[in-house]
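Subject: Structure for you to look at

Hello,

I am passing on the structure we spoke about, with my notes below it. Please look it over first and then read on.

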Amino acid sequence: MNSFIKANPIRCIGCRTCLISCVVAHEGKRIFEIDPDAYNFNPRLFMVKTARVSAPVHCRHCENPACKASCTSGAIYVRDNVVLVDTKKCIGCKNCVIACPFGAVEIVETAEVQHDGSPRKIANKCDLCAGVADSPSCVKVCPTQALALVTEDDLSESVADKRRSAAVAALV
Amino acid sequence: MAKKVSVKEIQTTCCYCGTGCQLLFTVDQDANKILDVHPVWGRTNEGTACLKGWYGWDYLNDPQILTKRLKEPMIRKNGKGSPLEVVSWDEAIKFVADNFKKIKEKWGPDSFLGAASARGPGNEAGYITQKFTRAVMGTNNIDHCARICHAASVAGSRQTIGEGAMSLSIPEIENAEVIFNIGYNAAASHPIVARRIVKAKEKGAFIICADPRITETARISDLHLQLKGGSNVALVNSLANVIISEDLIDHEFVKLHTKGFDEFWEIVKEYTPEYAATITGLSPEDIRFTARKYASSKHSVILWGMGITQFSQGVETVKCCCSLAMLTGNFGRPSCGTGPVRGQNNVQGTCDMGDLPDVYPGYQNVTDPEIQAKFEKAWGVKLSNKAGIQLTRVPEFVIHEKDPAKRIHAYYITGEDPAQSDPDLEEIRETLDQVDFVVVQDIFWNKTAEHADAVLPATAWGEHDGCYTSSDRGFQRVRKVLEPQGNVLPDWEITCRIATAMGYPMHYNNTEEIWNEMIDLCPKFTGATYEKMERQGSVQWPCWDKGHEDTGTMFLHKDGHFATPDGIGILKTSPYHPPTEVENTEFPLSLCTVREVGHYSVRTMTGNCRMLRNLEDEPGWVEMSLEDCDKLGLREGEIVKVFSKRGSVYTRCKPTERVKQGAVYMTYQWWIGACNELTISSLDPASRTPEYKYCAARVEKIKDQAWAKEEVARIYEDLRSRMHIVKEEVLA
Ligand code: SF4
Ligand code: SF4
């Protein structure tokens with residue numbers, strides 16, 4: 001099963017430390033040395049604030065990813081339980097943006113310049129920090145522990161717990 | 001061959017808010033470069049930090065985003081209007097000392113006012129600033145930015161329970177059973193305190209939040225009292241009314257430990273929930289429920305912030321909050337009491353150090369002859385026994401004072417930016433221009449420095465040693481992480497040099513020497529040695545004895561013994577009166593100033609941190625209700641112009657379900673969207689804290705958005721160049 005990050009809106013205080021950590025993880029420490037306008041500040045999770053809810057929205061790393069199915073260039077793939085975008089292959093067609101039911105994908109400008117001088121734009125989404133950090137950075141920095149990485153083991157454990165209490169409840 | 005690097009780990013206290021989180025720096029000392037920063041375990045933070053702690057150290061790299069670091073002393077050799085010229089430290093010190101001396105001789109000691117810094121410089125510098133003001137200048141005209149935030153908490157608490165600090169400590173919040181937040185949004189001001197509220201909730205605490213806006217704190221609360229802005233006194237009085245009339249009081253506590261009940265009841269008896277409902281807009285049921293809930297536990301905590309203190313009735317509200325805790329016996333045990341949570345990292349410490357016009361370090365009254373004699377003996381000079389004036393009254397003692405003999409003629413500002421932070425900026429600028437001699441001692445160019453006759457560059461947090469006091473009375477060490485760049489000196493050393501040049505030698509070899517002089521003069525702090533701070537990490541005052549056994553004080557007023565002269569608490573409150581300036585036809589909206597979680601104070605520091613700047617930048621936002629946005633045809637992100645009687649600024653519109661129709665909110669940290677161009681300078685008569693939280697305003701749509709965007713960009717560039725950022729110098 002694919003892993004994903006779950007936000008707990010009861011704990012989230014909307015501070016967005018997680019958003020910055022995402023950029024730092026993906027851009028690398030050099031961003032503390034360069035002009036802050038020299039790269040694009042594109043967190044891969046999105047802060048949502050309504051009257052009653054504050055929580056970041058991440059990619060769910062679906063088992064049958066709608067983004068992957070809709071991708072025209074075969075740029076979206078699953079590896080080690082993570083749904084990833086091959087940035088080389090992506091042509092920025094936006095199908096994935098439309099297909100994703102959570103709004104977890106967006107098209108962003110990269111630093112790469114195309115033949116016509118315009119910046120190359122590609123799909124950007126949560127990759128669970130695969131290849132950039134040992135564990136998801138947002139989970140690590142959140143001051144209220146509002147974010148948790150949910151793996152197959154975690155999920156089966158919690159499901160087992162729930163079944164146990166359901167069975168016990170049926171007895172009474 | 002691989003280069004040998006001298007990598008060192010250094011622990012220090014975060015420089016941003018009163019939570020006092022502990023951060024660990026990894027530094028390449030040869031390259032004088034920060035390699036990594038992350039939070040580590042501390043008494044208040046338990047290994048966590050907010051975005052400012054994680055990413056707010058970047059200004060030490062001087063990235064020149066908003067302003068440039070001050071690196072050389074500068075003076076206006078040929079008087080006002082002449083350019084600031086770079087000079088040697090000797091020349092700058094002589095220039096400042098001569099001018100201070102001249103003014104003191106001509107106009108007397110009270111023509112001087114010193115503003116201490118509640119930010120980076122630390123407690124030792126704070127002690128030196130007030131010592132300079134009192135011993136060298138001979139006046140008690142010393143104050144700091146607590147005046148514009150929590151002075152009402154200090155005044156209101158001292159008048160009722162005798163001590164103007166949090167009675168409980170931050171970790172205790174977690175074990176409270178009822179948490180009543182009033183005018184306090186920990187999520188934006190102290191995320192790591194908010195973490196404790198979240199934890200308390202998970203442990204089963206009932207969370208109440210009184211705030212006109214749906215803040216993050218209101219959102220995670222079990223009950224949100226969305227009261228009308230400026231009606232706090234009516235609400236707290238009515239809570240007291242219910243507690244008394246439904247006999248929910250702790251009779252034994254009230255009898256043994258308080259006085260003034262009859263006078264108190266005389267005032268609150270009028271504030272029935274029905275009557276208070278007409279003022280606050282809340283339902284009488286919610287008021288009754290809140291009072292009952294609050295009184296139902298012996299572990300009820302009241303937390304408050306600027307949302308009650310920045311009103312002209314700030315002191316009144318604080319007094320009544322303290323009285324609510326007394327009525328219900330909620331003092332003197334763990335996880336109860338009152339929590340005025342201090343905003344800036346060292347605003348508690350700067351109060352502790354006596355950077356206030358009425359008290360010496362350790363809250364010892366300047367009017368007490370015995371105390372005066374003690375300090376006269378220690379400092380070897382005669383001292384004034386007349387309480388000084390508050391910094392918010394500077395305009396009154398400059399532009400509004402006809403008699404030159406009574407005016408302020410010299411203003412020594414360390415680590416503050418009144419031309420950004422004080423209300424009614426137009427008036428402040430006029431004031432600064434009319435003061436004969438203004439000295440700005442800071443780390444960055446700021447708006448106030450533009451009006452200065454001398455600019456003295458200081459070391460920043462991370463470039464010097466010292467200690468800060470966390471909001472819950474905890475002394476914690478700050479340590480030098482990097483070698484400072486440029487011709488800068490620690491704040492305390494600059495002030496000592498000025499004192500010495502004025503004929504009062506002040507010499508210390510390090511901050512510990514200053515600290516040792518201070519603790520021996522302040523019984524409450526005597527036991528808090530550097531060694532103890534080192535060993536314990538944090539020492540909460542009172543800490544009376546230097547011995548190992550006295551580890552400090554977790555909560556105040558043990559067993560109901562208050563810090564008043566006779567140990568008895570005094571129940572106090574006042575009748576409600578409305579804010580000074582209310583909505584009218586020309587200005588139909590109420591404007592309240594709030595804060596942005598990722599930015600701090602006047603933003604010279606966080607505005608120069610790449611990550612924090614990229615998360616939120618100029619020209620800031622005005623939060624408006626969906627209805628008001630509809631009426632004006634405004635969309636998210638559109639640039640608008642906000643007006644009050646006093647001025648106008650550009651900012652961006654943020655439509656939100658979280659605010660009520662008719663009320664708008666602006667963050668005070670922006671320079672373009674500088675809402676203090678709009679705020680009113682009316683002051684609380686007791687604490688002299690300005691009424692930032694309420695004035696009348698109007699928002700106007702701008703048709704030509706393309707033009708507006710260019711205009712804002714132009715203003716930004718203009719600001720940056722005024723702050724001496726030269727384009728080519730900016731890192732490529
Ligand atoms: S860091 Fe945590 S509390 Fe802050 S916005 Fe992200 S999830 Fe919410
Ligand atoms: S700003 Fe306050 S809450 Fe955030 S890391 Fe610093 S001390 Fe902690």
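This is a predicted model. I begin with chain B, which contains 25 helices and 28 strands. Its radius of gyration is 25 Å, close to the 27 Å that the globule rule gives for 732 residues, so chain B is as compact as a globular protein of that length. Taken along the principal axes, the box filled by the C-alpha atoms of chain B is roughly 70 × 70 × 70 Å.

Of the 732 residues in chain B, 69% count as buried. Among the contacts in chain B with a separation of 6 or more, 73% are between residues 24 or more positions apart.

One stretch of chain B has an annotation. In UniProt, an unreviewed entry gives residues 7–64 of chain B as "domain: 4Fe-4S Mo/W bis-MGD-type".

Leaving aside residues up to four places away in sequence, B:Lys77 touches B:Ser82, B:Pro83, B:Glu85, B:Val87 and B:Glu91. B:Asp491 is 414 residues from B:Lys77 in sequence, and the C-alpha atoms of the two are 22 Å apart in space.

Now to chain A. This chain has five helices and eight strands, and along the sequence they follow the pattern β-α-β-β-α-β-β-α-β-β-α-β-α. The C-alpha trace of chain A spans about 70 × 35 × 35 Å along its principal axes.

Chain A has 172 residues, and buried ones make up 42% of them. Residues 24 or more positions apart account for 58% of the contacts in chain A with a separation of 6 or more. The accessible surface of chain A is about 9100 Å², and 54% of that belongs to carbon and sulfur atoms. There are 21 positive and 18 negative side chains in chain A, with the centres of the two sets 6 Å apart.

The element of chain A that I followed up is helix H1 (residues 17–27). This helix is mostly covered, with nine of its eleven residues buried. Those buried residues are A:Thr17, A:Cys18, A:Leu19, A:Ile20, A:Ser21, A:Cys22, A:Val23, A:Val24 and A:Ala25.

What do the buried residues of H1(A) pack against? Within chain A, their partners are strand E2 (46–49), strand E3 (54–57), helix H4 (137–141) and strand E8 (147–150). From chain B, helix H1 (51–55) and helix H23 (610–615) take part as well. After H1(A) comes A:Gly28, which has a positive phi, near 90°.

Regards

How values were computed
Residues are numbered from 1 along each chain as its sequence is written. Chains are lettered from A and ligands numbered from 1 in the order in which they are written. This is a predicted model: local features need pLDDT of at least 70, side-chain atom pairs count only at pLDDT 80 or more; totals for chains, interfaces and linings use all residues. Side-chain values use heavy atoms; hydrogens and water are left out. Helices (H or I, at least four residues) and strands (E, at least two) are DSSP runs, numbered from the N terminus. The radius of gyration is taken over C-alpha atoms; the globule rule is 2.2 Å times the number of residues to the power 0.38. Buried means under 20% relative accessible area, exposed over 50%, partly exposed in between (1.4 Å probe, protein chains only). Contact means heavy atoms within 4.5 Å. UniProt positions are given in the numbering used here, feature names are shortened, and annotations may be inferred rather than shown by experiment. Accessible areas come from the Shrake-Rupley method with a 1.4 Å probe; for residues, only the protein chains shown count as cover. Lys and Arg count as positive and Asp and Glu as negative; His and the chain ends are not counted. The place of a charge is taken as NZ of Lys, CZ of Arg, CG of Asp or CD of Glu.
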